Amino acid sequence: MLDTGAKYARQVHAELAQRLSPRRFWYGRSVKTQLLIAVGAINLLAAFIVGAVAIPNARLATRVEVEASLEVAQRFVDATTKDLAAQGQLDQLSERLPLELKHLRHVRIMLVDSFGNLTVVSPQPDQTNGARASQWVPRWFKGLVAPKIGARTTKISSANRTVPVIIVGEPADEIAEAWDEFSELALVWIVLNVLVLVVLWATLGRVLDPLISLARGLLNLEDGDYTTRLKPPRVKEIASITNRFNTLAGSLDTAREENSALYRQLITVQEQERREIANELHDEAGPCLFGITVNASSVKTFADRLADRRTPEIEQRVGEILSITERLKVMNRTLLKQLRPGPLGHVKLSQLLDELIVGLQRRHPATRINASIGKLADSYGEAIDLTLYRCVQGGIANAIDAHKAGDVILDIGEQRLPGSGAGKKRAQPKLCLTLRDDGSGFSVSAPKSFTLATMTERVRSLGGTCLIEAQASAGASIRIEIPVPRKKGARARPLELVRNFT
C-alpha cells in the first residue's frame, strides 16, 4: 500500500514538474507571444541596466551639489561673521544670517545657544518642498540616491562667549528633483515600451495571421476539402507560399476528380458485371439445378416402381443428388442477393434492408447486429436504393471482417434537416445512415480500404457526404447523408422497424 502511494506521489510530482517546466512554458506559447515576451524581457533588462547606471550618477550628482552648497554656505557664514565682527555687531548674528543666506539651497545652518540647544537660523525649512520630498520620493530611491555627507562646524568667538555654527547638508530637494527626472524617464520608457509592443503585436499579426490561415488550409486539405483556396497576403514571401498552396490544392482537387471519375467508372463496371453474373446465375444455373432436381426425382420415381428390383443404393444416390442440388440452389439464391437485389424497385426498401441484415446476421452469428430502421419511402430510385443497400452491406461486412467487431449498431432513416435561407424554405430531406462498431478500429490517416473508398465515392456521386471516424483499438463509426430528390406530392411512408438480429 505504501509502495502504491509513493509511486502515485512520484507520478503526480513528475506530471506537475513537466507542466511547470520552463521548456514547456516557453514552447507551449505561440510565436507571437514568444517574440513579445523576448522583446519585453530585453526592454526590461535594458531598463535595469539604465537604472543601474543612472542611480549612481544621481547619487554622485547629489553629493557634488550638496558639498558645493556646504562650501558656499561656509564661506557666506565666514564673510557675514567678519562683517559683523568689524562693525561690533556680532550679537546680531542670529538675525543677519537668515537674511544673508536665504537663497542658499541644500544646506541648513544651526546655532548652539548657551544651553546647548540647536536653533535653525538659515535657511528656514521649506515646508512645501519638504512635504513634497517626503511624500513623493520612495524610501528605496532615497536609500539608493542619498549621499553620505558630514556636517561642517564653524566657531565664532566674541567678547562674551564662543558660538558654534553647524552647517548640515540637506539633500532632500536634490533627491526630489532626481526622483522627478527618474519618474518622468520611467513614464516615457513605459509609454514607449507599450507602443513598441502594440506596434510589434500588430506587425506580427499581419505577418503571422496568414501563416495561421495557411495552417487551417492545410487542415482542410487533410480533411479532404481540396476546394480550399487562400487569399494571398501582402507579405511577399508568405504570398509566394500561399500561391504554391493554391496550386497544390488545385492539383489535388484535379487528382481527386480524376480518381472519383475512375471510381465511378469502376463502380459502374462492377455493377454491370454483377448484373451480368446475376443474370447468368438466374437464367442458366437456376434452370440447370431445376432440371437436375426434376431428373433426380424421376429416377427416384422409376426406382420406386421397380418394387421387385428396388435397391437401397439407388435411393441413397438419388437422395444425395437432391440434397446437393438443394444446397446449390440455396447458394445460388445467396449469390444472387449478394450480387444484386433482384426485387430492387419492386419491394419496399426497408424490407430489402431487413432481409439483407438478417442474412448477414445468419452468416455471422458471433457478431450482434442491432439495427434501427426508421421512416423510409418505398423507393428513392435505383441509384439511391442501390447505394444505400451497398453501404449497409459493405459497412457491416467491413466491421465484421476487417475490424473483428463484436457489436454493430446501425441506424437508418429519413431526416428533415434545416434548409438554407431565412427560414422560409422547406427543410431539405436527407437519408441518414449511422454505423458504429466496437472493433479494433484503424488510423484515419491510413489509406482507406477498397470497401470504404467505394462507399465514399458512391455517396459523393449522389451529392452526399460520408464521414468516417476511427481510433486505434477504439472502434469506428460511419456517418452517411444523402440528399433526397423530391417530386411534388411525394412523401416518405412512415415505417418504424427496430430489430435486434442476435
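With a relative accessibility of 45%, E284 counts as partly exposed, a class that lies between buried (under 20% relative accessible area) and exposed (over 50%), using a 1.4 Å probe and protein chains only. This is a predicted model, in which local features need pLDDT of at least 70, side-chain atom pairs count only at pLDDT 80 or more, and totals for chains, interfaces and linings use all residues. Residues are numbered from 1 along each chain as its sequence is written, and side-chain values use heavy atoms, with hydrogens and water left out.

E284 is placed in helix α8 (residues 236-305), and together with E273, E276, E280 and D283 it forms a negative surface patch; patch members have over 30% relative accessible area and no salt bridge, and like charges are joined within 9 Å.

Side chains of opposite charge can pair when their charged atoms come close. The structure holds six salt bridges, each being a side-chain nitrogen of Lys or Arg within 4 Å of a carboxyl oxygen of Asp or Glu. One of them joins R63 to E67, with the closest N and O atoms 3.2 Å apart; because these residues are four apart in helix α3 (residues 31-87), about one helical turn separates them.

Another salt bridge pairs K430 with E481, at 3.7 Å between the closest N and O atoms, and this pair links distant parts of the chain, since K430 lies in strand β7 (residues 428-437) and E481 in strand β9 (residues 476-483), 51 residues apart. E481 is buried, at 18% relative accessible area, whereas K430 is partly exposed at 23%.

Methods: Patches are made of residues with over 30% relative accessible area and no salt bridge: like charges are joined within 9 Å, nonpolar side chains (Val, Leu, Ile, Met, Phe, Trp, Tyr) within 5 Å. Accessible areas come from the Shrake-Rupley method with a 1.4 Å probe; for residues, only the protein chains shown count as cover. Lys and Arg count as positive and Asp and Glu as negative; His and the chain ends are not counted. The place of a charge is taken as NZ of Lys, CZ of Arg, CG of Asp or CD of Glu. Helices (H or I, at least four residues) and strands (E, at least two) are DSSP runs, numbered from the N terminus.
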